[in-house]
Amino acid sequence: MHQTIISADCHAGGSHVQYREHLDPAYHDAFDAWRGRYQNPFEDLRDERRFRNWDDEMRNGQQEADGVVAEVVYPNTVPPFFPSFVLFAPPPKPEDYELRLAGIRAHNRWLAEFCGRFPERRAGVGQIFLNDVDDAIEDVRRIADLGLRGGVLLPNVPPDVKWVEPLYSRAYDPLWAEIERLGLPISVHGGTGSPNYGRHDAAQLVFLGEVYFYSQRPLVHLILGGVFERFPGLRFVMAELGCFWVPELLEALDIQVDRIRTTGRTGELRWGEESKLPRLPSEYFEQSCTMAVSQPRPADVTAMHQLGFHKVMWGSDYPHDEGTHPYTREHLRQVFHGVDRGDLTRVLSGTAADVYGFDLDALAPLAERFGPTADELAEPLLELPDPPNEALIRGTSTRYSG
């Protein structure tokens with residue numbers, strides 16, 4: 001029996017030529033001027049690796065060789081008018097908003113075309129900004145109309161961004177209501193939400209040391225902000241953040257919320273009725289949240305047992321160099337060889353099919369041609385290929401595994 005593998009965290013983006021074709025013509029002159037000043041800082045977007053973002057033959061061939069037959073597609077490359085890589089760019093300032101908004105709308109149109117060429121295999125995640133709630137609602141409706149069943153990528157609002165409301169603000173309730181009505185998943189992606197560290201020798205290292213914390217904040221904000229209480233139909237995904245940290249965080253939040261709910265105080269602090277959630281954070285997580293865990297480590301697999309395998313999806317992070325390609329089979333054997341086959345099927349395809357609407361029957365013929373067998377994945381990986389990639393090296397670590 002061959003295993004159907006859906007990667008819940010992949011990336012794609014258009015070239016500047018392709019983005020221009022999908023940009024509102026009113027912005028063509030501004031785009032041409034912006035592109036004339038643009039200097040590409042990314043090595044993997046300068047050589048032949050860039051074609052993995054949009055070349056169907058290259059992309060499908062590499063995915064099939066890796067055993068992956070379907071994917072959830074987050075953005076990649078640099079959309080029109082962005083100051084940097086799409087995921088790391090902060091929310092646009094008011095003076096940049098119009099052009100940046102035109103840029104993500106061009107990306108969403110491009111993505112719909114990209115996914116539409118292989119609709120059974122690709123679920124695209126559309127982008128919105130939160131600067132203007134009415135605009136965000138309009139873009140969510142466009143994402144639904146474009147058939148981007150990967151749903152909506154939420155901007156993670158850094159603490160030094162004061163021109164956009166934080167995610168726990170009730171200003172977004174009309175947006176959450178519309179997303180819930182449309183049945184779209186919402187996502188945040190790892191590596192986002194960090195403040196500007198300035199021009200210091202240690203800035204990049206400090207970013208590296210704090211990026212997990214800032215990427216995790218949306219989960220806390222949406223739970224404690226009561227969003228999942230007011231909108232229980234929302235489906236929230238956190239991608240490329242691992243899951244090793246989730247059980248400990250939920251336990252700590254449960255203790256605090258229960259204390260506030262039962263005593264109205266924590267230490268010297270006093271809490272009013274408006275601060276008392278009807279349910280525990282772990283209950284909201286079970287109701288509304290799913291983790292898309294890219295390149296899981298042993299510590300993540302330990303956490304999967306605690307959270308339940310139905311709350312977790314596997315991701316390859318293709319086409320990023322730190323992802324599992326071209327050693328996905330080896331990676332899966334390395335970290336999942338002792339996992340129950342039913343649980344592994346849930347992680348590799350079942351939950352993703354539930355969240356994003358993949359048709360497992362339609363994918364079955366591809367899985368029979370390209371997917372590894374269950375027996376193959378049950379074999380422990382005893383030797384790393386030479387040279388191993390980053391994902392396999394990380395997979396040997398037992399640190400934080402408890």
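T77 lies in the loop between β2 (70-75) and α4 (97-116). Its phi is near 60°, a positive value in a residue other than glycine. T77 is buried, at a relative accessible area of 5%. The model is predicted.

D317 counts as buried, with 0% relative accessibility.

That loop, between β10 (312-315) and α12 (328-336), also holds P319. The peptide bond from Y318 to P319 is cis, with omega near 5°. P326 is found in the loop between β10 and α12 too. Here the bond from H325 to P326 is cis, again with omega near 5°.

**A buried asparagine**

N53 sits in the loop between α2 (28-37) and α3 (56-65). Is N53 buried or exposed? N53 is buried, with a relative accessible area of 2%. Its side chain meets that of N76 in a polar contact of 2.7 Å.

**Cysteines without partners**

How many disulfides does a search of the whole structure find? The search finds zero. C10 is in no disulfide, and the nearest cysteine sulfur, in C115, is 11 Å away. A disulfide needs two cysteine sulfur atoms within 2.5 Å. C289 has its closest cysteine sulfur in C243, at 13 Å, which is too far for a bond.

**Aromatic rings**

The structure holds 16 aromatic pairs. One of them joins Y197 and F207. The ring centres are 6.5 Å apart and the planes stand at 75°, so the pair is edge-to-face. Where do the two residues lie? Y197 is in the loop between β5 (185-189) and α7 (203-224), while F207 is in helix α7. The pair therefore ties together parts that are ten residues apart in sequence.

Other rings gather in a group. F31, W34, Y38 and F81 form one aromatic cluster.

The table lists two cases.

| Charged residue | Ring | Distance to ring centre |
|---|---|---|
| R122 | F114 | 3.9 Å |
| R279 | Y284 | 5.4 Å |

The charged end of R122 sits over the ring of F114. R279 lies over the face of Y284.

Notes
Residues numbered from 1 in each chain as written. Predicted model: local features only at pLDDT ≥ 70, side-chain atom pairs only at ≥ 80, totals over all residues. Heavy atoms only, no water. Phe/Tyr/Trp six-rings, centres within 6.5 Å; stacked < 30°, edge-to-face > 60°. Helix = DSSP H or I, 4+ residues; strand = E, 2+ residues; numbered from the N terminus. Lys NZ or Arg CZ within 6 Å of the ring centre and 35° of its normal. Buried < 20%, exposed > 50% of the residue type's maximum accessible area, 1.4 Å probe, protein only. Polar contact = N/O pair within 3.5 Å; in protein donor to acceptor, adjacent residues only side chain to side chain.
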